Amino acid sequence: MENTAKSEGGGFLKPQMFFLTIPQVNGGVDISIRVRWSQKFIYKDGQFSVTVPFKFPKYITPFAKIFLKKEKIYLNVNPGIGKEIMLHTTSHPLKEKNRQAGKLTFLYEADVEIWSNKDFEFSFSIYSNDLFGGILLKSATTNDGDERDMFSLYLFPGSNQKRKVFKNEVVFVVDISGSMQGKPIENVRSALSASLLELRPGDHFDIIAFNDELHSFSSCMEPATEDVVENAINWMNKIFVAEGGTDIMRPLNEAICLLSSMKNSIPQIFLVTDGAVEDERNICHTVRTHLANRDSIAPRISTFGIGTYCNHHFLKMLASIGKGQYDAAYDSDAVGKHMLGWFRRATSTILANITVDFFSDIDEFEVYPIHIPDLSAQSPLIISGRCYGKFPETLKAKGILADMSYADIDLKVQDTKDLSLEKALAKQHIDLLTARAWFSESKQLEEKVIKLSIQNSIPSEYTCMVLLQTETDQQEAVKKVKKRESRKHSGPDDNLSISVRSMVNGFGNVIATRENRPTGFAEAKEPKSFEIYHKAGCCHGIAYCCCCPCCIKTCSKLNDQLVIAMAQLCTALSCLACWECCTEFCCDGSD
């Protein structure tokens, strides 16, 4: 880190906007950029779908000349489970190139005059009317750094939409401290109202709002009838006023006590907060003790973090202990959508208390997460880990169905060689290990996270991503020649490395929570070099030059063509290194 530049090299401006600064670019050079990232599929109604960013705004296309451009999408689908894949929707005309058992390959290629103005979307399903699952097994690679084999166990809910789900006893535990003022508390109230309306006949619920004090909708669990739900929504409209501090332990204890004698249903606690507190490890220890003493189905604890001030690793650990769901929103406008999906996954349980008796033949194993969550009709269940020893050809997963009968699911063990299982599992392992390292304060687990992070090029709380300048042998040879020709050159260090910011969340901000600062959303300020593009996209305001103080002030809205021309003028002026030049335009939107 001592040799890493502190300037802005890249990072997340917003949860879904990443920027990258390429230093030392001379005029007239060609720049080739390759971007690699991973993202989760969305699962809904038995279908997997993915949306890949593929929109190119007009103002990034050179305005001076129009030339043909080439778009190409190569899509390889390999779920690894050997079942038939059914294609549903695609945004671009894909041509099927290859089809094997459980594998599909597509290609889209076209010459276009303008870059794509729509994202790439793709969805498919894996048909099975009943519950099914399996285990993917892969031997450690030579560059792995871990000699143990990798495995991934998956359970799918199947396509039977009429399958019975468990009844739910739901307690919402909601943070209404002062930091939740404005959009956060409004969006949470709207999402909870929508969630209450989705409760089924036979479900029961209660609501505990907390700050320094507790505010309960009822002293007992209430039936989710139309009248009671309406009363609860009216109660939230009065009580959900953002004020006071944050105390999480008391309302959690209250919720656990409310759910102390539930049978033939899934007791659920939904914790929503935007803050961090000092006794988070003690909360995890206390909750783990409470749940361990339950004989029947223990309460499930699902956690939802809002913004950047809460400790998301604490919330992940608490959800792992409680066999619940974790989710988060880092943008105030995303709170409602994410909360509703989080609630639906947790309240659509079709198989609970799942066990897999495959550890008897394994010499050593490590599982993520430690506690196996329930299987939801809204989402597949995937657990993974490392092990020494030989797997049998088939295993069984056991659990309790909604009618309280027991179910056995055969799991076929499949060796995989053409799947990058280590890449697919790395992010999950890093997240869960980080939560465990935080909880146990284990330096050994921290070192394990560091190793995984560096090995897989995935940022973590204990590592930092940097941009490192690399060169081909030919470029290096040319560079050495130029050095000999110009010994007096005093430019920047050859081994340029620049820190990339905002790649991880940290472990919460107790001080910001105590001071009731407004919920932290994307605090990072955009670098000045991005203001020109932002203003061009908005088509009004002030557009600042990338590399010099020159600016163009506009006092009314401009059409796209003029804005693009002005943006390119700024870029050209910055390349000429003009100084203190300023031109004012007063436009009415005409050419």
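Trainee: How exposed is Lys323, as a relative accessible area?

Mentor: This is a predicted model, in which local features need pLDDT of at least 70, side-chain atom pairs count only at pLDDT 80 or more, and totals for chains, interfaces and linings use all residues. Residues are numbered from 1 along each chain as its sequence is written, and side-chain values use heavy atoms, with hydrogens and water left out. Buried means under 20% relative accessible area, exposed over 50%, and partly exposed in between, with a 1.4 Å probe and protein chains only. Lys323 therefore counts as partly exposed, its relative accessible area being 26%.

Trainee: In which element does Lys323 lie?

Mentor: Phi of Lys323 is near 55°, a positive value in a residue other than glycine. Helices (H or I, at least four residues) and strands (E, at least two) are DSSP runs, numbered from the N terminus. On that basis, Lys323 belongs to strand β18 (residues 323–329).

Trainee: Where is Met404 placed, and is Met404 buried or partly exposed?

Mentor: Met404 is not a glycine, yet its phi is positive, at about 70°. Met404 is found in the loop between β23 (394–401) and β24 (406–415). With 30% relative accessibility, Met404 is partly exposed.

Trainee: Which residues does Met339 contact, leaving aside neighbours within four places in sequence?

Mentor: Contact means heavy atoms within 4.5 Å. By that criterion, the partners of Met339 are Val188, Ala191, Leu192, Val272 and Phe304.

Trainee: How many residues of β12 are buried?

Mentor: Asn168, Val170, Phe172 and Val174 point one way from β12, while Glu169, Val171, Val173 and Asp175 point the other way. Both sets are buried. The count for β12 is thus eight of its eight residues.

Trainee: In which sense do β12 and β16 pair, and β12 and β13?

Mentor: Two strands pair if DSSP finds at least two bridges between them. β12 has seven bridges with β16, where Asn168 stands opposite Ile266. β12 likewise has seven bridges with β13, and there Val171 faces Asp206. The sense is parallel for β16 and for β13.

Trainee: How are α4 and α5 oriented, roughly parallel or roughly antiparallel?

Mentor: Axes are lines fitted to C-alpha atoms, for helices over the stretch in contact, and angles run from 0 to 180 degrees between N-to-C directions. The axes of α4 (residues 280–292) and α5 (residues 312–321) come within 10 Å and cross at roughly 5°. Angles under 35 degrees count as roughly parallel, over 145 as roughly antiparallel, 65 to 115 as roughly perpendicular and the rest as oblique. The pair α4 and α5 is therefore roughly parallel.
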